[in-house]
Structure formats: C-alpha cells, structure tokens
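Please find below a short note on the side-chain packing of this model.

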Amino acid sequence: MDLIALPAFDDNYFWLLHDGQQALVVDPGDAAPVRAALDRLGLQLASILVTHHHGDHTGGVAELRTATGARVFGPARERIPQPFTPLTGGDEALALGVRFRVIDVPGHTAGHIAYFADAVNGAPLLFCGDTLFSGGCGRIFEGTPAQMLASLDALAALPPDTRVCCAHEYTLGNLRFARAVEPGNAALADYLRHCEALRANGMPTLPSSIGTERAINPFLRSREPAVTQAVRAHAPSATGEVAVFAALREWKNEFR
C-alpha cells in the first residue's frame, strides 16, 4: 500500500491510499486533485471515507462518486452527500481489503468520526479529520470541551506507532503555540526543528504518530503538571480537567 498526502486549497490534505490498482481517498473537498492523482498513477477509486460534514472535506464527494462509482462511507449523524454508508463508533468500514474501525470523536462537529486500522504496511493507521492535528486539535464548533477532551483521550489511547493522518498542514503554527504553553519540553523543541526543516524543503509534516503527539501536543497533555500550571497562569479561574482543557483551547483561539 502507498499512502499519499494530496495538497489542496491553502492547507488541506486529502489522503490517498492505494495498492497500485485501486485506491481510497479520505475527505476529498475538491475532486480535481484526486482525479489528477488517479489519472497520473493509473488507479481506480474504490472507496471514499468522510470524517465530517464541512465543505472542505465533502465538496468533491459527489463528483468523484459519479465519475468512479466509488462507495462512500461517512458519519451517520451528519449530512453527507447522499448516497453513503452511515457509520458510528464501533462500526467497521472495509476498503481496499483494509478493515477500518470507526471511532466517534465529537467536538469539532457533533458527529465527527475517525477511521483506525490495526495494520497497514506493518503499522496502525488513523484518519482523524479535524479532531487531532500535529501539535494541536480542531476548534470546537458544534461539540463541547468535555466531548473534545474525551475524543482526544480515545485517540491518545491508540498504539504509539499509529500514523496520524489529519486533514490540515497546521503543524508549525500549532507547535509555536505549544512552545508558549510548555517551553521546557525538549521533545517539542526537537520536533519543531524537524518540522521546520520539512516545510523548508516543501515536504509535509504529516503523518505524525500517536507517540509523538503524546510527547509534544498540549491538547493531549492538558493533565500534565507543566501544561496545567501554564493554563492556570493564563486563566486563573480554570479548575478541573475539562475547564483547563477549555481554557487551553480558548488560549489557542486567541494566540498570534
């Protein structure tokens, strides 16, 4: 299997997984870059996986389905271009012979889901849309801080070698915020330098890994004493795990 991040819009990635003949694509907000890649590589699109309803993740679904006959999988609780196979946490989606387990991850949107496979090319694989980013997490538009914290806990519990395929190249901005929160984190400093070098060479910073994110991502580390202390210095009224997480997300919203 080959895994390719297809750049789109200003900072999106549409993930394309293929076996040399057939392919699946995740969150295709625009059909054009997907069709170009399929043509270039001589692939037939068999499946489309959708994590949530936002247009930059669904805008190309109808065109791709019409052009290729691909089967569409998506969150049962959200409005996805019909027809599609509706999924909720605990369901499975079989695509390219890979069995993906569906994880409910509400927060960014109310019905957001993620797709997890135990082994693709020898390592676990996660398509998490806009829930978990490298060094960050999605804005909370439709869910609650408690839901987002629980969703991130569910993803953080996956094996540390799980490849994290999120949908945006937000990494450098996220890491600059993470350094403001946790300036003494040596792993974070090293990872920032690594990601800066990748971007300087025109390379994506993704996929990351769950192990890396546990070490550097403040939104997976909000219970760590250093992170909690930094948040409470910024928002003294934040008490309790959910309040600290909510204050951390608000701090990020305002960070420049």
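**Aromatic pairs, helix packing and cores**

1. The count of aromatic pairs comes to nine, where rings of Phe, Tyr and Trp (its six-membered ring) pair if their centres lie within 6.5 Å, with planes under 30 degrees apart counted as stacked, over 60 as edge-to-face and the rest as tilted. In one of these, the ring centres of Phe177 and Trp251 are 5.4 Å apart and the planes stand at 85°, so the pair is edge-to-face. Phe177 belongs to helix α5 (residues 171-181) and Trp251 to helix α9 (residues 241-254), so this pair ties together parts that are 74 residues apart in sequence. Helices here are DSSP runs (H or I, at least four residues) and strands likewise (E, at least two), numbered from the N terminus.

2. The model is predicted: local features need pLDDT of at least 70 and side-chain atom pairs count only at pLDDT 80 or more, while totals for chains, interfaces and linings use all residues. Residues are numbered from 1 along each chain as its sequence is written, and side-chain values use heavy atoms, with hydrogens and water left out.

3. Phe177 also pairs with Phe255: the centres are 5.2 Å apart and the planes at 70°, so this pair too is edge-to-face. It links distant parts of the chain, with Phe177 in helix α5 and Phe255 in the segment after α9, 78 residues apart. Phe177 is buried, with a relative accessible area of 0%, whereas Phe255 counts as partly exposed at 26%; buried means under 20% relative accessible area, exposed over 50% and partly exposed in between (1.4 Å probe, protein chains only). Trp251 is buried as well. One aromatic cluster is formed by Phe177, Phe219, Phe245, Trp251 and Phe255.

4. How do α4 and α9 pack? Helix α4 (residues 145-156) meets α9 at an angle of about 95°, with the axes 9 Å apart; axes are lines fitted to C-alpha atoms over the stretch in contact, and angles run from 0 to 180 degrees between N-to-C directions. That makes α4 roughly perpendicular to α9 (65 to 115 degrees; under 35 is roughly parallel, over 145 roughly antiparallel, the rest oblique). Contact means heavy atoms within 4.5 Å, and residues making it include Met148 and Leu152 of α4 and Val242 and Phe245 of α9.

5. In the largest nonpolar core, of 55 residues, Leu24, Phe100, Tyr115, Phe127 and Leu155 touch the most other members. Such a core is a set of buried Ala, Val, Leu, Ile, Met, Phe, Trp, Tyr and Cys residues joined through side-chain atoms within 4.5 Å. Strand β9 (residues 113-120) contributes the most, with six residues.
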